[in-house]
Amino acid sequence: MADTTGADLKQTVLNALHRDMGAKMVPFAGYDMPVQYKLGVMQEHLHTRAKAGLFDVSHMGQVILRPKSGDVADAALALETLVPVALLELKEGRQRYALFTNDAGGIDDDLMVANRGDHLFVVVNAACKDADIAHMQANLSDTCDVTPITDRALIALQGPEAERALAVLAPAVAEMKFMDVATVDIMGADCWVSRSGYSGEDGYEVSIPNDRAEEITRALIADEAVELIGLGARDSLRLEAGLCLYGNDLDPTTSPVEANLNWAMQKARRAGGAREGGFPGAERILKELADGPSRLRVGLLPEGRAPMRAGVELFAEEEGGAPIGTVTSGAFGPSIERPMAMGYVATSHSATGTRLFGEVRGKRLPVTVADMPFRAATYKR
Amino acid sequence: MKYTEEHEWLRVEGDLVVVGISDHASEQLGDIVFVELPEAETTVAKDDEVVVIESVKAASDILAPLDGEIVEVNEALADNPALVNEDPTGDGWFFKMKIEDMSALDDLMDEAAYKEFIA
């Protein structure tokens with residue numbers, strides 16, 4: 001319960017601001033990060049859905065892939081050798097979700113890739129960033145300069161008031177659509193903005209030069225609709241939105257097909273596509289796309305009020321039998337006002353509406369396989 | 001009011017002892033979303049796990065503070081677990097128990113000692 005001093009932890013450039021604003025700090029992926037502020041997790045979650053929440057995500061890895069040929073298509077084709085995702089078709093000014101796969105067909109990280117005209121801009125998870133950067137440098141350096149961006153902070157502004165609040169400082173952002181990216185002048189700083197995020201809400205992620213990050217963040221939170229939001233609410237928001245957390249819901253043994261991320265693997269990379277296969281683990285992934293996986297990520301709604309957290313084993317029967325699955329993320333959903341979870345179950349038990357039992361403290365409690373998201377997204381398409 | 005090192009408070013009401021968690025504990029746990037209470041008329045020994053509370057962060061156990069019998073539980077918490085955050089030392093109580101030896105309360109911390117304990 002003691003406050004962490006964070007002696008061995010890395011800090012984002014907004015660390016002093018978090019402490020100033022009453023954050024409770026915790027170690028996360030090697031960083032000293034705010035888990036909540038004075039509002040608390042529940043109110044921060046609800047505030048983001050009702051108005052706008054600002055998240056410091058500067059711990060995430062920002063990387064530029066600059067093609068040596070000068071042609072961004074060469075960077076796209078090079079990165080395609082590491083992901084089962086079509087990037088050649090990714091237009092300038094657009095962003096796409098992708099996955100680093102490994103030779104066993106599992107997922108080593110999930111990431112966002114943006115085409116910024118003469119280069120690709122990649123955002124990866126904090127806990128994986130050193131490995132991801134080494135992976136890209138080892139595999140892409142023939143065609144690209146792989147440059148980690150360490151002189152920029154990254155914030156996310158999410159919620160129904162995000163557009164209005166950011167447009168006060170940069171009117172151009174109002175014209176952007178979901179998954180658009182643009183370079184935008186904010187208070188004279190050169191910012192890289194995407195209309196995306198990880199809360200299920202409309203909103204933006206903004207990459208800001210370190211030396212301007214606190215000033216711009218303070219200008220945004222001066223808006224009465226905008227509150228700082230910690231990692232606690234970030235987790236419940238993404239789970240209500242049905243979005244995966246790497247390390248919980250995705251890992252090096254889990255394939256994108258098992259993870260129900262087929263939508264992220266475009267036709268061009270599938271069997272019969274223009275650039276079929278050619279990514280790590282293609283054999284397993286293409287086979288699972290054709291034949292179906294043996295287990296599948298599903299949404300789960302516990303019937304009672306007891307949350308079913310990561311690690312809870314799932315059974316087909318109320319008594320006896322072997323587990324047919326496991327919860328990988330579970331929490332209370334403040335907006336849906338009930339507990340929610342996601343996990344992996346045998347494909348035979350994955351149909352929406354299937355009644356299962358989760359073993360919580362020795363008792364098997366009913367839980368139903370449910371469609372995700374648990375709360376509809378409000379992206380501006 | 002008496003306190004345990006497990007951050008429970010105990011308040012004597014007639015021949016019963018009412019048990020809940022302290023303001024400090026409720027604050028540290030964060031928003032409470034689920035409380036699992038024992039059955040009334042359960043005989044318990046000190047340190048038995050009698051209540052499970054789940055906050056937005058994690059599950060925690062509440063231990064029986066003393067030997068005795070749980071005679072009444074706060075049913076209102078089943079539908080409104082947030083009472084534990086809103087009024088931890090009042091409407092957010094967990095259970096009432098009958099204690100064989102009321103003098104056992106003397107060994108617990110009083111408010112001043114508890115304040116020092118959490119300082």
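Which residue in the turn of the hairpin formed by β18(A) and β19(A) has a positive phi? In this predicted model, for which local features need pLDDT of at least 70, side-chain atom pairs count only at pLDDT 80 or more, and totals for chains, interfaces and linings use all residues, the residue is Arg361(A), with a phi of about 50° in a hairpin that has 2 residues between its strands. Residues are numbered from 1 along each chain as its sequence is written, chains are lettered from A and ligands numbered from 1 in the order in which they are written, and side-chain values use heavy atoms, with hydrogens and water left out.

Strands (E, at least two residues) and helices (H or I, at least four residues) are DSSP runs numbered from the N terminus, and two strands are taken to pair if DSSP finds at least two bridges between them. Strand β15 of chain A (residues 313-315) is joined by 2 bridges to the antiparallel strand β16 of chain A (residues 325-333), with Leu314(A) standing opposite Gly325(A) in β16(A). A further 2 bridges join β15(A) to strand β18 of chain A (residues 355-360), again in the antiparallel sense, and here Phe315(A) has Phe357(A) as its bridge partner. The pairing of β18(A) with β19(A) is antiparallel and extends over 6 bridges, Leu356(A) being partnered by Val367(A) in β19(A).

Arg361(A), the turn residue of that hairpin, also takes part in the contact between the chains, where it forms a salt bridge with Glu54(B) in which the closest N and O atoms are 3.0 Å apart. Across the interface of chain B and chain A the rule finds 3 salt bridges, each defined as a side-chain nitrogen of Lys or Arg within 4 Å of a carboxyl oxygen of Asp or Glu. On the side of chain B that touches chain A, the elements that give two or more residues are α1 (23-29), β4 (32-36), β6 (49-55) and α2 (76-79) of chain B. The residues of this side divide into 8 nonpolar, 2 polar and 6 charged, with Ala, Val, Leu, Ile, Met, Phe, Trp, Tyr, Cys and Pro counted as nonpolar, Asp, Glu, Lys and Arg as charged, and the others, Gly among them, as polar. The contact (heavy atoms within 4.5 Å) takes 16 residues from chain B and 14 residues from chain A. The area buried between the two chains is about 1400 Å², of which carbon and sulfur atoms give 52%; buried area is the accessible area (1.4 Å probe) that two parts lose on being put together, summed over both.

Glu54(B) is also the bridge partner, in β6(B), of Phe34(B), and 4 bridges join β4(B) to β6(B), which run antiparallel. These strands lie in an open sheet of 3 strands in chain B, with the order β4-β6-β7 and antiparallel pairing. Because β4 and β7 (59-63) of chain B stand at the edges, each with a single partner strand, one side of each is left without a neighbour in the sheet.

Elsewhere in chain A, 5 bridges join strand β1 (residues 24-28) to strand β2 (residues 31-36), which run antiparallel, and Lys24(A) stands opposite Gln36(A) in β2(A). The hairpin of these strands has 2 residues between them, and Ala29(A) takes a positive phi near 50°. In chain B, His7(B) has a positive phi of about 70° although it is not a glycine, and it is found in the loop between β1 (2-3) and β2 (8-13) of that chain. The peptide bond from Met372(A) to Pro373(A) is cis, with omega near 0°, and Pro373(A) is found in the segment after β19 (363-370) of chain A. Most residues other than glycine have a negative phi, and most peptide bonds are trans.

Over all chains the structure holds 32 salt bridges, including that between the side chains of Asp223(A) and Arg164(A) (2.9 Å, N to O). Asp223(A) lies in the loop between α6 (210-221) and β13 (226-228) of chain A and Arg164(A) in helix α5 (residues 162-169) of chain A, so the pair ties together parts that are 59 residues apart in sequence.
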